[in-house]
Amino acid sequence: MKDALGSVQSALVLGGTSDIALAIVRRLVDDRCARVVLAGRDPGGLEKAAAGLSREGVEVATTPFDADDAEHHAAQIAAIFAEHGDLDLVLLAFGVLGTQDGFDADPASASRVVHTNLGGAVSASLAVAQQFRRQGHGTLVVLSSVAAERARKSNYVYGATKAGLDAFAQGLGDALAPLGIDVMVVRPGFVHTRMTEGMDAQPFATTPDAVADAVVRGLRRGATTVWAPGILRWVFAVMRHLPRPVWRIVSAR
Amino acid sequence: MASTSADRRPDYPVERLTGWGNTAPTTARVVHAHSPTEIAAGVAAPSDRGAVARGLGRCYGDAAQNAGGVVVDTTGAGEFSLDPATGVVTASAGASIDELLRGLVPWGFFVPVTPGTRYVTVGGAIASDIHGKNHHKAGSWCDHVLSFRLALPDGSIRSVTPESDPALFWATAGGMGLTGAVIDATFRCPTIGSSRLVVDTDRSDDLDGVLALMTEGDDAYDYSVAWIDMMATGRHLGRSVLQRGWFAAPDDLPVGDRANPFAYRADVLVSAPALVPSGVLNPLTIRLIDEVWYRKAPKVRRGEIQTIPQFFHPLDMIGTWNNGYGPRGFLQWQCALPLDAVDELRRIVELLSTSRTTSFVNVLKRFGPGNPGPLSFPMEGWTLSVDVAVGNPDVARLLDEVDDLVLAVGGRLYLAKDSRMKGSMLRAMYPKLDEWRAVKASVDPDNRLCSDLGRRLGLC
Ligand SMILES: Cc1cc2nc3c(=O)[nH]c(=O)nc-3n(C[C@H](O)[C@H](O)[C@H](O)COP(=O)(O)OP(=O)(O)OC[C@H]3O[C@@H](n4cnc5c(N)ncnc54)[C@H](O)[C@@H]3O)c2cc1C
Ligand SMILES: NC(=O)c1ccc[n+]([C@@H]2O[C@H](COP(=O)([O-])OP(=O)(O)OC[C@H]3O[C@@H](n4cnc5c(N)ncnc54)[C@H](OP(=O)(O)O)[C@@H]3O)[C@@H](O)[C@H]2O)c1
């Protein structure tokens with residue numbers, strides 16, 4: 001069960017090899033989390049991630065999960081809950097970045113990214129919501145992005161997926177709040193992970209550990225929105241309202 | 001996804017529930033029972049995630065919640081009867097101390113034990129084996145219980161007395177509803193000389209002072225409790241106002257009151273939520289309240305006459321003061337420590353008060369010996385309870401640190417207040433836990449009696 005201070009005893013990660021997710025789960029198992037299920041499409045990567053989390057008194061399991069396979073999300077996620085019992089927290093972490101050049105050359109690939117980041121996230125979240133309703137509690141943490149706040153010309157397909165996901169997650173959170181189910185939307189800025197390897201860092205670039213600290217603080221406060229780093233909240237409060245021509249220049253770097 | 005078992009279920013409303021601290025809400029199907037029979041039916045209702053009874057929800061944490069399962073609200077079952085010749089009361093589980101007092105006091109009887117609020121039920125009093133200001137003299141609630149009837153998930157009802165089935169009786173005392181639902185209970189109530197108390201007040205500038213006063217003087221009083229200022233630090237660490245008293249004889253009352261010595265009124269001055277602004281209890285206002293309240297208390301006062309609500313239930317005058325902590329809520333942390341653990345007690349007070357966590361209601365008391373209940377909280381020694389606002393991210397670590405201090409000296413935490421302790425500490429704090437588990441397994445082999453607290457601490 002979750003406790004009064006936002007500690008959880010069990011967690012499921014969808015996208016179980018994500019660097020950010022694993023940093024968050026490390027914090028959770030250092031606290032009261034004793035059961036972790038890592039779900040993803042790369043069995044070798046999941047095993048490695050599980051090994052990295054293992055410590056005394058903590059059970060880590062892995063299970064196959066493909067974000068693109070929306071048809072099976074409800075059944076698959078029901079099966080995970082049935083096998084592992086109550087899951088206090090679900091971390092929706094999968095996502096792909098892609099490159100705008102790639103999307104320009106192969107428009108269908110852009111549609112696949114939309115399908116993963118948005119379509120898959122929506123069906124997986126709703127499947128999790130079914131289980132949370134059944135167990136009468138739960139916290140869903142959704143990794144959105146500052147890219148959801150305003151699309152930039154360098155990766156607006158990704159930005160559009162995150163904007164859709166972010167809006168969806170807010171609505172879901174409002175719908176579930178009366179049931180004691182929490183949805184936390186996390187908006188990291190540029191994070192040094194596998195996803196951004198080799199890219200030039202953006203201003204306010206941060207690390208998975210710093211994002212994890214922000215998420216844990218958010219859980220303690222019962223926050224519905226978490227920015228990482230926190231200053232981005234204020235930066236984007238301004239950015240959001242910049243006139244388009246100015247934004248075009250600012251967002252180009 | 002249609003669930004077949006859901007289709008067979010009676011249509012109980014799904015409700016969001018929390019304890020008094022307003023933290024960790026979960027939803028359950030709530031059976032609103034209006035009689036002992038309906039309580040029993042609720043406990044045996046079909047449910048994939050078990051059932052637990054709920055009284056007035058005054059436990060601070062998640063003990064009276066059962067996420068995804070059934071919660072049996074007993075508050076509709078509130079009848080009771082008094083035998084004026086013996087002071088023996090038989091009450092439905094949902095009868096509250098508030099209702100009992102309105103019925104008993106005019107007849108010259110009081111409840112054997114009252115907590116700091118009169119809005120608790122008889123069922124809740126048994127399940128938490130509650131203690132009051134008279135613990136050093138009278139023990140806890142279940143020490144006064146002659147018998148109760150317990151509804152079990154298989155639909156059966158057992159009559160339990162300390163003689164007929166001591167194991168089940170004591171496992172239920174403090175058993176947090178996990179050994180069955182009490183449907184009614186019979187207990188002995190003491191007589192009183194009037195509805196007023198004679199109260200002595202002593203103000204102490206520091207912790208050692210108040211501990212010494214209690215050690216030397218408590219035996220002379222029926223009731224004793226100290227309000228401790230958790231915002232004071234340094235030289236004034238642990239400064240307290242100690243209030244002790246006994247029920248007045250009619251002759252102790254002012255002449256005008258002697259004609260009607262058992263007059264009893266218990267009003268709620270403020271109850272509309274709007275009158276207690278959300279978040280009004282913040283570090284600043286609480287420092288102020290504590291300061292004013294400490295200064296207001298006399299250094300020494302003897303023989304003041306107080307009413308029952310003034311002396312026992314001052315907080316009940318503000319019906320919804322818990323909302324003052326704002327939407328994130330708050331928690332209460334209560335420990336019991338052996339008498340000789342004074343250094344650890346001081347260290348705990350120091351850690352909590354220097355942390356600047358918000359803390360409104362803080363109480364220090366000296367317990368007498370405990371009873372045989374494996375999960376009954378009171379043990380001979382000191383008990384400290386403090387409010388802690390939720391929201392400050394450092395609170396979790398701070399409380400884990402003070403838990404470790406409690407554990408290290410053989411102390412324990414009160415489950416009725418708990419909302420965040422580590423389940424792994426339970427066995428060390430309650431050495432007879434395995435005995436309790438054996439009794440639970442014998443009456444509830446399928447583990448159908450379950451609550452959020454039970455899940456969190458591994459009790460179900
Ligand atoms: C302001 C305040 C002051 C307090 N002061 C004190 C104090 O001085 N001393 C003290 O000991 N406690 C104190 N408490 C705690 C309170 O006395 C206990 O939590 C008590 O159990 C609450 O009773 P309730 O009817 O509200 O039960 P709930 O909070 O609804 O339930 C508490 C527990 O009792 C179980 N339960 C309820 N009814 C039944 C039943 N019929 N059969 C079986 N189990 C049942 C529930 O499952 C749950 O585990 C205080 C609480 C508040 C809010
Ligand atoms: N890094 C940043 O700068 C940044 C900023 C803001 C938001 N985010 C978001 O944070 C989340 C985590 O990203 P990260 O930085 O930790 O990157 P990461 O390490 O690359 O994690 C991305 C995860 O998504 C998984 N995934 C991708 N497609 C999948 C599919 N079809 N099915 C199942 N899993 C799939 C990957 O699994 P595989 O191992 O199988 O590839 C990987 O576990 C993402 O949603 C990302 O958009 C990242």
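**Close-up views of a predicted two-chain model**

**View 1. A disulfide joins Cys450(B) to Cys460(B), with the two sulfur atoms 2.2 Å apart.** The model is predicted, and over all its chains the structure holds 1 disulfide. The link between Cys450(B) and Cys460(B) is right-handed, with 55 degrees about the S-S bond. Cys450(B) lies in the loop between helix H13 (433–443) and H14 of chain B, while Cys460(B) lies in the segment after H14 of chain B, so the pair ties together parts that are 10 residues apart in sequence. The two partners fall into separate accessibility classes: Cys450(B) counts as buried at 6% relative accessibility, whereas Cys460(B), with a relative accessible area of 24%, is partly exposed.

**View 2. The interface of chain B and chain A brings 26 residues of chain B into contact with 22 residues of chain A.** Between them, chain B and chain A bury about 2,100 Å², and 59% of this area is on carbon and sulfur atoms. The two chains are also linked by 10 residue pairs in polar contact, counting pairs in which both residues have pLDDT 80 or more. On the side of chain B that touches chain A, the elements that give two or more residues are strand E2 (26–32), helix H11 (395–408) and helix H14 (452–457) of chain B. Of these, H11(B) gives the most, with 4 residues. Sorted by class, this side of chain B has 11 nonpolar, 6 polar and 9 charged residues.

**View 3. A salt bridge between chain B and chain A is formed by the side chains of Asp400(B) and Arg32(A).** The distance from N to O in this pair is 2.6 Å, and the count between the two chains is 2 salt bridges.

**View 4. Val13(A) lies in strand E1 (residues 10–14) of chain A.** With 1% relative accessibility, Val13(A) counts as buried. Leaving aside residues up to four places away in sequence, Val13(A) touches Ala21(A), Val25(A), Val37(A), Leu38(A), Ala39(A), Leu91(A) and Ala93(A).

**View 5. Gln65(B) lies in the loop between strand E3 (51–54) and strand E4 (70–73) of chain B.** Gln65(B) is buried because its relative accessible area, 1%, is under the 20% cut-off for that class. A polar atom of the Gln65(B) side chain lies 3.2 Å from the backbone nitrogen of Gly19(B). When residues up to four places away in sequence are not counted, the residues that Gln65(B) touches include Leu17(B), Thr18(B), Gly19(B), Ala24(B), Pro25(B) and Thr26(B). Val52(B), Arg54(B) and Val71(B) are also among the residues touched by Gln65(B), as are Ser451(B) and Asp452(B).

Note on methods: Residues numbered from 1 in each chain as written. Chains lettered and ligands numbered in written order. Predicted model: local features only at pLDDT ≥ 70, side-chain atom pairs only at ≥ 80, totals over all residues. Heavy atoms only, no water. Contact = heavy atoms within 4.5 Å. Buried area = accessible area lost by both parts, 1.4 Å probe. Salt bridge = Lys/Arg side-chain N within 4 Å of Asp/Glu carboxyl O. Polar contact = N/O pair within 3.5 Å; in protein donor to acceptor, adjacent residues only side chain to side chain. Nonpolar A, V, L, I, M, F, W, Y, C, P; charged D, E, K, R; others polar. Disulfide = S-S within 2.5 Å. Buried < 20%, exposed > 50% of the residue type's maximum accessible area, 1.4 Å probe, protein only.
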